[in-house]
Structure formats: C-alpha cells, structure tokens
Amino acid sequence: PFCALSQIQPNQRIYIHTMKVAAVFVSLLSLAVAFVPQQQSARSSTEVKALFDDIFGMDLFAPNKEVNDYGSRNKKNLKVGDVGSNSYVPNGLSLEEYKKVRAADEAKKASNYQKNVAKAGKFLDFDKFYEGRGTAEGGNWLKAPGRGHTFAKTKYDFSGEQDDTKGWGDALGNIFSK
C-alpha cells in the first residue's frame, strides 16, 4: 500500500534523512577513491628467463640457415612420386606415355624455376634510371610518353612510332573504302 508523507512518524523521518546522507557520503567516497593512484608492490615480477623470451628467441632455421633462401629448392630432395603398375594412368595413355608427360612437366617446371632464380637479386639502380629517363631542369621529360616511367610489358606499342593495333574491320577487310 502507498504510504503518504503525513503518515510517517518523526523518528522515521530522521532515519530516512540519515540514510540519504550516508548514501551520498559513500558514493562521494567511492568516487574519490577511484582517482587515487594504486600502491606499487615492493616485489617486482621481472623474470630473467621468461616464456615469451624463449618463444621469440627461437631460430626455426638454425640447423640449415639457407633452407628458405630463394633458389634453395634445388638443394632439397623434392621429387614427384614414381608411377607404377598400380598407379593412376589417364585414359588414352599408356604407362610409358604418362611417364614421359610427367617428366616433361617436371623439366618445364625446373627450367622455369631456374629462369626465375637467375633473375633474383637483379634490380635497376635508381641513379641510372633517373639519368636514363632524361630528367632535366627544363622538364622536357614531362612531355614524353609515360613521363619517363618504365612500364612493364604491354601487348601493344604505345610509343606512337608504329601502329600495331588491328581493329575489327581489318579482319573483314576495309569496309569503308570506295
């Protein structure tokens, strides 16, 4: 049931007032304690040989430092498994023909890898590039095609010297001629 203020006894009013003051005091005290700096413990917890030091200090390539270098595939014992009498052979090929196809694929793969290994570590020196592009104070290189940039291979010659592009009309003959 709802209790009106007029029904509260005087001693109960003092009790309610005291509780409100106590609640405000506790909340202000907890707010003040939240901004007090924490006390440091006298003992420090720095281990000389911690677990993470061991993990981050591991050298996974310690036994063989060159195992992950570019071009080290040739030093590894990597090979394709042999094809035997119980092995899968595609329809339409004999066992010997399939062995030849696999050997040709391996040779192609090895030659491509060797070609890429030969290119490893080769780069264009910046100074030579800068001089070769024809950079001058006058800024003539800004009018050059590509503004002096060296581009990767393109399908067509965009230098403007010759026209290698063929339109769809070239295959049909020149349909707009007289």
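Search the whole structure and you find one aromatic pair. Its members are Tyr 70 and Tyr 113, arranged in a tilted way, with 6.1 Å from centre to centre and 45° between the planes. The pair ties together distant parts of the chain, 43 residues apart: Tyr 70 belongs to the loop between helix H2 (51–56) and helix H3 (95–119), while Tyr 113 belongs to helix H3. Keep in mind that this is a predicted model.

Why is the pair called tilted? An angle under 30 degrees would count as stacked and one over 60 as edge-to-face, with the rest tilted, and the planes of Tyr 70 and Tyr 113 are 45° apart.

Tyr 113 counts as buried because its relative accessibility is 12% and the cut-off for buried is under 20%.

| Residue | Relative accessibility | Class |
|---|---|---|
| Tyr 113 | 12% | buried |
| Tyr 88 | 62% | exposed |
| Glu 96 | 51% | exposed |

Tyr 113 has another contact to look at. The charged end of Arg 73 sits over the Tyr 113 ring, 3.9 Å from the ring centre. Arg 73 and Tyr 113 also turn up together in the lining of the largest pocket, along with residues including Lys 76, Lys 79, Glu 106 and Gln 114. That pocket holds about 230 Å³ of space. What classes of residue make up the lining? Five charged, four nonpolar and two polar residues.

H3 has 25 residues and reaches 37 Å from its first C-alpha to its last, close to the 36 Å expected at 1.5 Å a residue. After H3 comes Gly 121, with a positive phi near 80°. Back in the loop between H2 and H3 you'll find Tyr 88. The C-alpha atoms of Tyr 88 and Tyr 98 are 9.6 Å apart, and the two residues are 10 apart along the chain.

Stepping back to the whole protein, how many helices and strands are there? The protein has five helices and zero strands, so its pattern along the sequence reads α-α-α-α-α, with helices defined as DSSP runs. Of its 178 residues, 6% are buried. Tyr 113, at 12% relative accessibility, counts as buried.

Note on methods:
Residues are numbered from 1 along each chain as its sequence is written. This is a predicted model: local features need pLDDT of at least 70, side-chain atom pairs count only at pLDDT 80 or more; totals for chains, interfaces and linings use all residues. Side-chain values use heavy atoms; hydrogens and water are left out. Rings of Phe, Tyr and Trp (its six-membered ring) pair if their centres lie within 6.5 Å; planes under 30 degrees apart count as stacked, over 60 as edge-to-face and the rest as tilted. Helices (H or I, at least four residues) and strands (E, at least two) are DSSP runs, numbered from the N terminus. Buried means under 20% relative accessible area, exposed over 50%, partly exposed in between (1.4 Å probe, protein chains only). A charge sits over a ring if NZ of Lys or CZ of Arg is within 6 Å of the ring centre and within 35 degrees of the ring normal. The expected span of a helix is 1.5 Å times one less than its number of residues. On a 1 Å grid over the protein atoms alone, a cavity is a set of points where a 1.4 Å probe fits but cannot get out, and a pocket is an open set with protein on both sides within 12 Å along at least five of seven lines; lining residues have an atom within 4 Å of a point. Grid points are joined across faces, edges and corners, and a volume is the space filled by probe spheres set on the points. Ala, Val, Leu, Ile, Met, Phe, Trp, Tyr, Cys and Pro count as nonpolar, Asp, Glu, Lys and Arg as charged, and the others, Gly among them, as polar.
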